[in-house]
Amino acid sequence: MDIKTFLDNIYEHVCCPVCTNRFADPKQLPCFHNFCLHCLQRIQATSGTRDTILCPECRRNFTIPGNGDLKTLPTNFRLNSLLDALPVTECKTSGVKCGNCDKRRQESSYCFACRSFWCEDCLPSHNTIKTFKEHHALPLKDFGDEDFENIFKQPTFCAKHEKKELEMFCRVCKTAICNSCALIDHEGHTKIALEDAAKEQRLRINKAIKSRKEKVQKKVTRIVKLDENCTQFQEDVERVKSNVQQITENLIAAIETKKNKIIDEVEKKAKQCLERLGYKIQEVEEEMERDQTAIEKCDKMLKRSTNAQIMQPNEFLDQLFREESEQEDTVDLEGVNVINFAFERNEELFNYVHAKQLSFLKIITVSKESTVEGNGISEGTVGLLAEIVVIARNIMGEQVYNRNNCVTLEIRNHSGQDCSTKPQIHDNKDGSYKISYFAKETGTCQASVKVNGQHVHGSPFETEFKPRLFKPVAS
């Protein structure tokens with residue numbers, strides 16, 4: 001932001017959030033929020049305690065140093081510089097107050113050494129004072145960007161000893177002081193030049209910034225990895241859903257095929273039965289037609305024939321009597337015309353399908369989320385048994401068991417050679433694996449713990465093997 005833009009918005013920086021007026025003796029809390037001293041004192045008076053104060057901005061609670069004396073809070077010298085520069089921006093409208101006669105004048109000058117304003121009437125007196133010979137007073141109408149920057153860069157003065165620059169830093173009290181304070185109030189304390197202390201502080205700040213940047217970068221990398229895990233997880237979810245859908249469709253298709261087969265068989269059987277019934281109906285109808293014809297002939301014979309004619313030999317009657325004596329009625333009204341046709345379900349299959357699961361959902365172990373417990377991963381003693389426990393975890397950090405998990409441990413020295421016996425791995429069948437081994441040599445080695453071929457969280461580990469100490473045998 002350039003100086004002009006900054007000055008146009010200067011009121012946003014010089015007004016207290018509590019009273020909304022210009023800062024008066026601005027004090028800074030540990031959260032870096034600034035307030036007028038009298039505003040903080042009013043808050044302290046209503047809080048009922050002198051030892052702590054609640055920040056009006058972030059609502060955090062802080063301990064007040066100096067037995068509750070708010071004046072011991074650090075002064076925001078940057079705000080003081082802004083307050084010094086503020087009258088310059090207002091001189092064209094309301095004028096500025098002269099530091100000598102207290103009159104407000106638009107035509108005034110600013111002395112960078114005195115850090116005060118001088119009206120046209122008092123400026124000649126200022127220039128004639130011998131001790132002010134090296135002072136530089138610049139008319140406000142001639143102020144440029146560099147002059148505002150010089151105001152912001154002016155040295156800060158001691159609040160206790162007016163016009164005394166802060167030139168020393170007390171390591172005991174951890175505060176900037178002037179030379180008078182160094183001799184009077186901080187006698188016997190360790191002190192260094194403020195410039196040197198600021199250099200040390202800047203180095204620490206830069207180191208902290210570098211460290212935080214590295215942490216931020218690691219977190220960015222972690223977030224990218226977590227995003228990749230989220231994407232992979234979503235893909236796995238969609239794949240599992242697709243598999244479930246496919247299995248279900250396959251089962252439905254298999255059942256549909258069996259259903260169609262049964263229906264085809266039913267239709268085939270029904271067709272055969274209906275054909276047989278049709279033939280039977282036709283057969284019975286033909287018999288019934290013959291019987292009806294015989295009845296009609298017999299009726300006519302009884303009505304039209306005499307006794308002699310009836311007793312005469314008759315081929316029709318002979319055939320009729322022969323058929324009546326040879327067989328009874330062939331129509332079975334109780335059974336022939338009734339066909340039992342039903343569907344009996346497979347109870348064993350029906351109960352099996354209801355009892356069994358469609359499939360099994362498993363959350364796969366994520367190697368980088370798996371952890372290792374036990375001292376045997378960081379240290380060991382040659383010749384003594386060392387043990388660790390590997391916990392297989394999923395992406396949600398839950399301990400999970402998968403009988404297909406493959407857990408391995410390799411311990412190698414700097415030359416890449418094995419420095420332990422072959423590890424004995426015991427599967428506890430609950431997602432944990434107990435691993436035991438013996439160290440064969442002393443020194444620092446690397447222990448690689450893997451689940452399904454991938455390093456667990458923190459692997460490879462640095463493991464220190466120490467020699468075994470034996471107690472001397474008493475003579």
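The legends below describe an overview and several close-up views of one predicted model.

Residues are numbered from 1 along each chain as its sequence is written. Because the model is predicted, local features need pLDDT of at least 70 and side-chain atom pairs count only at pLDDT 80 or more, whereas totals for chains, interfaces and linings use all residues, and side-chain values use heavy atoms, with hydrogens and water left out.

**Figure 1. Overview of the chain.** The secondary structure comes to twelve helices and 21 strands, where helices (H or I, at least four residues) and strands (E, at least two) are DSSP runs numbered from the N terminus. Of the 475 residues of the chain, 26% count as buried; buried means under 20% relative accessible area, exposed means over 50%, and partly exposed lies in between (1.4 Å probe, protein chains only). The chain exposes about 34,200 Å², of which carbon and sulfur atoms supply 52%, with accessible areas taken from the Shrake-Rupley method with a 1.4 Å probe and, for residues, only the protein chains shown counting as cover. Among contacts (heavy atoms within 4.5 Å) between residues at least 6 apart in sequence, 51% join residues at least 24 apart.

Figure 2. The side chains of lysine 241 and glutamate 238 meet in a salt bridge of 3.6 Å, N to O. Both residues lie in helix H9, three residues apart, which is about one turn of the helix. Glutamate 238 has a relative accessible area of 48% and is therefore partly exposed.

**Figure 3. A patch of negative charge that includes Glu283.** On the surface, Glu283, Glu285, Glu286 and Glu289 gather in a patch of negative charge. Patches are made of residues with over 30% relative accessible area and no salt bridge, like charges being joined within 9 Å and nonpolar side chains (Val, Leu, Ile, Met, Phe, Trp, Tyr) within 5 Å. Glutamate 283 has its place in helix H9 (residues 194–304) and, at 38% relative accessibility, counts as partly exposed.

Figure 4. Phe233, Val237, Ile395 and Met396 make a nonpolar surface patch of about 320 Å². Isoleucine 395 is placed in the loop between strand E15 (385–391) and strand E16 (407–412), and its relative accessibility of 31% makes it partly exposed. Glutamate 369, in the loop between helix H12 (347–355) and strand E13 (371–373), touches Arg222, Arg393, Asn394 and Ile395, not counting residues up to four places away in sequence. At 18% relative accessibility, glutamate 369 counts as buried.

**Figure 5. Valine 451 in strand E19.** Valine 451 lies in strand E19 (residues 443–451) and is buried, with a relative accessible area of 0%. Although valine 451 and isoleucine 391 are 60 residues apart along the chain, their C-alpha atoms are separated by 9.6 Å.

Conventions:
A salt bridge is a side-chain nitrogen of Lys or Arg within 4 Å of a carboxyl oxygen of Asp or Glu. Lys and Arg count as positive and Asp and Glu as negative; His and the chain ends are not counted. The place of a charge is taken as NZ of Lys, CZ of Arg, CG of Asp or CD of Glu.
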